[in-house]
Amino acid sequence: QGSLLYLDVLGAAFPRALARRGTALLHWTPGCARAPAGWPLPTLYCTPAPAGALPSRAAALRVQLLFALRQRALRVLEAGLAAELHDALVALRTEWPQLAQELALGRLSPQPGLPEGVRDQLQALLTPDAARAAELRAECARGFEGIVMRLWPQLEVVVVRTAHGTERLYCDSLRQADCQGLPFYCPFYQAAGALLGVNLWPAEPVPRFLLCPDWAFCEFLPCLANKEPQTVLLDELWEGREYGLVVTAQPGEYRCRTGEVLRVAGFHKQCPMVEPVRRESQTLNVRGESIPEEQFCQSLCHTLRMWPGARLIDYVCVESSLLGDSSGPCAPHYEVFMELQGLRDLSEGQRYKLDQCLQEDFPVYKSFRFKGSIGPLRLHLVRPGTFTRLREALGSPLPMPRVLREEQLLRLIQGSVVS
């Protein structure tokens, strides 16, 4: 039902978007070929389902990219996560000569994470296309600003199934560079494995999701309640307020708090429209200060504007308790790992700007810093490609965490620090 509604909205907003084999899918689903957003019309897709089920995320996105490049007349570029589209286009920047050769020969090169049996199965779907390979070489040689529209001139829209929260970081980056001039549409809101809402307004820049009462049983915990909060139902929500989401996805399944916080943006025919605000699990908290994910990101973006020429590619935070003895004899603090474009290094003064912004934006944090209960934030720059490897190491197609809580992932990113 949700996919049919999505196709109806997509077709109304972009009349040529439902062309046969006019949609390319970039989405890693390890171990199983899951249904894409438009599964009721499988002829929409030019991407073979086995490509997404490969054991390696990098291999899956690269193979899917190759099949997308074969189809010049694409109308829709669809990704499960904004980060997947971002990483596929990073692969295009670094591997376009090899991709062009594979297009010209109609052959799929051996690569890590691509089993021989699956490679043979996928290669049987390829045919040599020297003309398309030459076009790819010519466009990539011109640079990568607006490369998506140049490679697929009939493209109408980029569909990203999850593009809210800090996933917007990737959408903003893509809009400024590779995907210049293209609208982005985030059709679905999902949590705890359940489809909960659909976005009926593809032309609006900030996605709002209409909660559909028969898709799952939802309850809501009011935020900032003065006493122990009690859950409320759909017809008890207030516009402008924030609520924690509690879901029972199917009859007989467990009731659970999803850790998602939603803001009620309004109502459509008495049904609430919501905007996902933050994930409670991504809150920074070393002394009870509780800095939410989206507000830390705002402070970080404010800091970036004070670093001329810098563009943020990605970031992640770590609470010093995870570092153990390696953090030294100091008060609890945050360590932030960033990948920047346009700056190779930062002075100590520039690094301290982020700590200053956090103090300005969060009085509780400022109080703890003044008393010495929280130490100064430490900022590290990492080499290009670090976050692509981090997402591979996560091992699941979930949105990027902004607070690392696993030592194995911490060691990976510490090993990539350059400054």
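Visitor: What is the area buried between domain 1 and domain 2?

Guide: The size of an interface is often given as the accessible area lost when the parts come together. Here the model is predicted: local features need pLDDT of at least 70, side-chain atom pairs count only at pLDDT 80 or more, and totals for interfaces use all residues. Residues are numbered from 1 along each chain, and side-chain values use heavy atoms. Domain 1 (1-186) and domain 2 (207-279), bounded by an automatic or database assignment, bury about 600 Å² (1.4 Å probe, summed over both). Carbon and sulfur atoms give 59% of that area. Gln1, His164 and Cys186 supply 55% of what domain 1 buries against domain 2, more than any other three residues.

Visitor: How many residues of each domain are in contact?

Guide: With contact taken as heavy atoms within 4.5 Å, 6 residues of domain 1 meet 6 residues of domain 2.

Visitor: Which residues touch the most other members of the largest nonpolar core?

Guide: In soluble globular proteins, nonpolar side chains tend to be buried together. A nonpolar core joins buried Ala, Val, Leu, Ile, Met, Phe, Trp, Tyr and Cys residues through side-chain atoms within 4.5 Å, buried being under 20% relative accessible area (1.4 Å probe, protein chains only). In the largest core, of 82 residues, they are Leu85, Leu92, Trp152, Leu196 and Phe220. Beyond four places in sequence, the contacts of Leu196 include Tyr189, Trp215 and Val247. A second, separate core of 27 residues includes Cys317 and Leu354.

Note on methods:
Buried area is the accessible area (1.4 Å probe) that two parts lose on being put together, summed over both. Buried means under 20% relative accessible area, exposed over 50%, partly exposed in between (1.4 Å probe, protein chains only).
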